[in-house]
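These notes are meant for someone opening this entry for the opening time. Please read them with the sequence and the model side by side.

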Amino acid sequence: MAEQQQFYLLLSNLMSPDNTVRKQSEEAYETIPGQTKITFLLQAIRDASAAEEVKQMAAVLLRRLLSSSFEEVYPSLAIDVQTAIRTELLAGIQSEGSSNIRKKVCDIAAELSRNLIDDDGNNQWPEILKFLFDSVNSQDVSLRESALHIFWNFPGIFGNQQQHYLEVIKRMLVQCMQDQENPQIRTLAARAAASFVLSNESNTALLKHFSDLLPGILQAVNESCYRGDDSVLKSLVEIADTAPKYLRPNLEATLQLSLKLCADTNLTNMQRQLALEVIVTLSETAAAMLRKHTNIVAQIPQMLSMMVDLEEDEEWAMADELEDDDFDSNAVAGESALDRIACGLGGKIVLPMIKQHIMQMLQNREQMRLSPTDGGSCKNNRSTSFLMCHPRVRYAACNAIGQMATDFAPTFQKKFHDKVISALLQTMEDQSNPRVQAHAAAALINFTEDCPKTLLTPYLDSLVQHLHVIMVAKLQELIQKGTKLVLEQVVTSIASVADTAEEKFVPYYDLFMPSLKHIVENAVQKELRLLRGKTIECISLIGLAVGKEKFMPDASAVMQLLLKTQTDFNDLEDDDPQISYMISAWARMCKILGKEFQQYLPVVMGPLMKTASIKPEVALLDTQDMENMSEDDGWEFVNLGDQQSFGIKTAGLEEKATACQMLVCYAKELKEGFVEYTEQVVKLMVPLLKFYFHDDILHEITITFLDRCARVRGPEYLTQMWHFMCDALIKSIGTEPDSDVLSEIMHSFAKCIELMGDGCLNNEHFEELGGILKSKLEEHFKNQEVRQAKRQDEDYDEQVEETLQDEDDNDVYILTKVSDILHSIFSSYREKVLPWFEQLLQLIVNLICPHRPWADRQWGLCIFDDIIEHCSPSSFKYGEYFLRPMMQALCDSSPEVRQAAAYGVGVMAQFGGESYRPAFTEAVPLLVGVIQSPDSRAKENANATENCISAVAKVMKYRPECVNVTEILPHWLSWLPLNEDKEEAVHTFTYLCDLIESNNPIVLGPDNTNLPKIFIIIADGVVNESIKGEDGCSKRLANVIRQVQVSGGLWTQCVSALNEAQQKAIQDLLNTA
């Protein structure tokens, strides 16, 4: 008894507002064995004399214990104890007088039941099923509530008996949803029905069978909202998200109800926004289904009225501190909804619908005065009327301009540069509305970031003059009044202009640098951290723009300022905005100073590694725990089903990614100067492959550190670093869910194999990689089948096809990376890797079947091309699989497929061996036919045609006995030069050199009459960069020209046949080769 009382005291202390007491209690609680916890917690729950808050805490802890530690605790209990626990829980539900405690006991029972479903789906607690049936038919309302609550919490409670009890479940739900005397029963029944639907989202037959419950759910949504309960409405949002097809039979009624609730100003803002969320979610999860209901969809613009639901705030335009958006406000909810619906349904559908509403709003002077959403009025009117608009409208206009400058760059800049720049500069002079002034500067940043330098240059004088005047004025304001908002944005505007203008900014350098250094030196107060960080960014961007020579006189002073900040780094708070600006600034200084920056590495690496090492907080939470954690606190959640969610705290991840990018920058710039940090950085970076990462730096991480840093320390160290990376890379290929990141990892892995060569993979690596590549190929085929099924869906339309095409493009891109990996393996390991490859053979053969999409056939042929090129003569044993499809593909309607096939014929001739000889007799006429077709030189066909020309050359060069070279050569010469495929151009020019150097009479012609034609071919090759001065082929061609140069008459004849550009090209070749 004393122990139990002591435990009650512990439970009370766990709720103590005193952090010290609570922490000590948590530590004491953790030391109690699991079995003892269960006994004490259950006793506390069942103790009628215990305080309610103690019982509540005990219930929460017991549910949490069963959720997180069931396997460690429950199975080790004696059988009679397990039975007693189950019995006590059911007895507790029936006898508990407090509805709050009773619900929590129901949660425990549901959690225990969830864990007592075995692998075969048997519920090892049959008594709870009997309890459900008895309770739902009881006259006791509290028991009916309890049964529904348990079923809502764990709708899979029937396990493998669900199908057997399906009619009973349905009858139970219908009966409870029709309980006219007890609205709380109707509400709970509707929530339970929704939960059951969600737990069976993929069971189409079941959803259809339960579709007649939906009207009851909708009725409960309506009733409960007007009783101040939005729980059923939230369930409807979940259905729209997870099982939208369930709503199809009553979609019209669902949309009508949602629009009605959304428009009802008697409801709370949260309820109206949830009603809108139903429609918005459907636009994302079932866009095609929603698009068919055009009458309903046409009413969607009523959310625009939400967007203007703003309170007048006289201080708004003067604010110097920008508060985060109030995400609970109707204005923000409406704006977000419109954005999501436009993305979901497609701009083609939404724009015509909202256009007329927006135009009406723009005619309404009152809304014009307050509307935060559209800058169209001011954007289309002259600047004078722009300046007469309400500050919120002008702010919104700046927002619209900035958004369009980003989304439609560089077309937007090219079309509207004169109007936009002048209007923004004029707005930036509006001293009476600093918030608008600052946002105009922000829009200017968007505009200049993606503006072509040639467009911006004519405006530089005006831009610089305005920015300098405003900067000086705002610097004075900062000193006198402490206001900083506009100055923060103007400093970034200067940085953006400099970044775009590059060396054109040199004349303005001295105008800004003294003031910027002054800010960094003196803006040391906590409230000026963001200004100081942005100024550090500005200085480093200007330095990078103007170059080392102009920046060097200030470089030492700037470095000292940065060093001073860096030495204070340990005193900075983790969320100090200066940190990320400093990290990027150091990297820019490294680019400016080059090798001279190496001396600063000991200072900058510590904080940089600290930021790159940030470990994000993650948590597995049930629904009730998640509700206590706000997304506003930086947490984002992914619903895992079964009342569970995965949470991750995203704060700091952007800074982490930036820090990793900067480490790569140092390695690239300093090369061997970074060597001593290589191992430390690699061991930090590689584990990050398991985590969602910024895809644009994965390749840099692997290649930069292997090739530029580790290689410097010798082959043994290089191998050691590669082994550390290799396992993580292979595992990431198998587990990475994001296709962009996955493709980058696969690309990096392929490049690493090429770099490391034969022997870099052991048997375990090959075994794991083979399984992963096989699963990727199988997934590719499966995804195509799924897309074909979607094309047969009743909701299939043009927009769905666009989405399917995007999905297909993603899949094909991953297929290209599979091809890259196989290419690197074949080129490194050659014939000895073929036995390993055979586990993939049938899947690759499937790719080149005639009925497959052209991209499949293209990349399937490319893989066989690699086998021929790198694994011959052994490659011929697979000829039965690819030779016939390759010959047929030479005449394919897809140029990409023709190109892959033609390349295959070329490498077959070059590397294949004797066994392939019969194939050339068939291939060459087909190749010639492709080359001579009327549209063979059309842009879309050029690469395929040039590969055919190169293939013919390779057959003539390596297998002359298989073709009539004398007959083909004159035609082949007339097809030259190759201008598009630079790699194949080298092959053709090399063969041309062979023919000329051997004095081939067909190529040179009688009395060298073909030489002027040959000069034209060579000159065009130089003009099109098919011939480059540094390769051996260009030297041989230059020697041919020099030999002609010494024979005066022939030289004159050849040169006179060239135009001016061609003559210059010949001269350039002679000068460089």
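1. Helices here are DSSP runs of H or I with at least four residues, numbered from the N terminus. With that in hand, helix 6 (99–115) and helix 8 (141–153) can be located; each supplies at least two residues of the lining of the largest cavity. The space in this cavity comes to about 70 Å³. Its lining consists of S99, R102, K103, C106, S142, E145, S146, H149 and L188. Over the whole structure, the search finds six cavities of 30 Å³ or more.

2. The model is predicted. The protein chain contains 55 helices and three strands. It has 1073 residues, of which 54% count as buried. Among contacts with a separation of 6 or more, 71% are between residues 24 or more positions apart. The chain exposes about 48700 Å², and carbon and sulfur atoms supply 50% of that area.

3. The largest nonpolar core has 132 residues. Within this core, the residues with the most contacts are W722, F749, L761, I825, W836, F837 and W972. Helix 39 (residues 715–735) gives the most to the core, namely 10 residues. A second, separate core has 118 residues, including L41, L143, L282 and A286.

4. Which residues does W836 touch, not counting those up to four places away in sequence? They are F766, L769, G770, L773, L822 and I825.

5. In helix 45 (residues 879–889), the buried residues are G879, F882, L883, M886, M887 and A889. Seen down the helix axis, these residues fall within an arc of 155°, so they line one face of helix 45. The cover over them includes helix 44 (854–871), helix 46 (895–912) and helix 47 (917–931).

6. Apart from neighbours within four places in sequence, R529 is in contact with E573, D575, D576, P577 and Q578.

7. S283 belongs to helix 15 (residues 269–285). S283 is buried, with a relative accessible area of 0%. Leaving aside neighbours within four places in sequence, the contacts of S283 are L290, R340, I341, G344 and L345. The C-alpha atom of S283 is also separated by 8.3 Å from that of C343, a residue 60 positions away along the chain.

8. Two cis peptide bonds deserve a check by eye. One joins A409 and P410, with omega about -5°; P410 sits in the loop between helix 24 (391–407) and helix 25 (411–427). Another runs from L976 to P977, with omega near 0°. P977 is in the loop between helix 49 (965–975) and helix 50 (982–997).

9. R830 has a phi of about 55° and lies in the loop between helix 42 (798–829) and helix 43 (834–847). With 42% relative accessibility, R830 counts as partly exposed. For E1025, phi is about 65°; this residue is in the loop between helix 52 (1011–1023) and helix 53 (1032–1045).

Technical notes
Residues numbered from 1 in each chain as written. Predicted model: local features only at pLDDT ≥ 70, side-chain atom pairs only at ≥ 80, totals over all residues. Heavy atoms only, no water. Buried < 20%, exposed > 50% of the residue type's maximum accessible area, 1.4 Å probe, protein only. Arc of directions from axis to C-beta. Contact = heavy atoms within 4.5 Å. Core = buried A, V, L, I, M, F, W, Y, C linked by side-chain atoms within 4.5 Å. Areas by Shrake-Rupley, 256 points an atom, 1.4 Å probe, with all protein chains shown as cover. 1 Å grid on protein atoms, 1.4 Å probe; cavity = no way out; pocket = protein on both sides within 12 Å on 5 of 7 lines; lining within 4 Å. Points joined across faces, edges and corners; volume = space filled by probe spheres on them.
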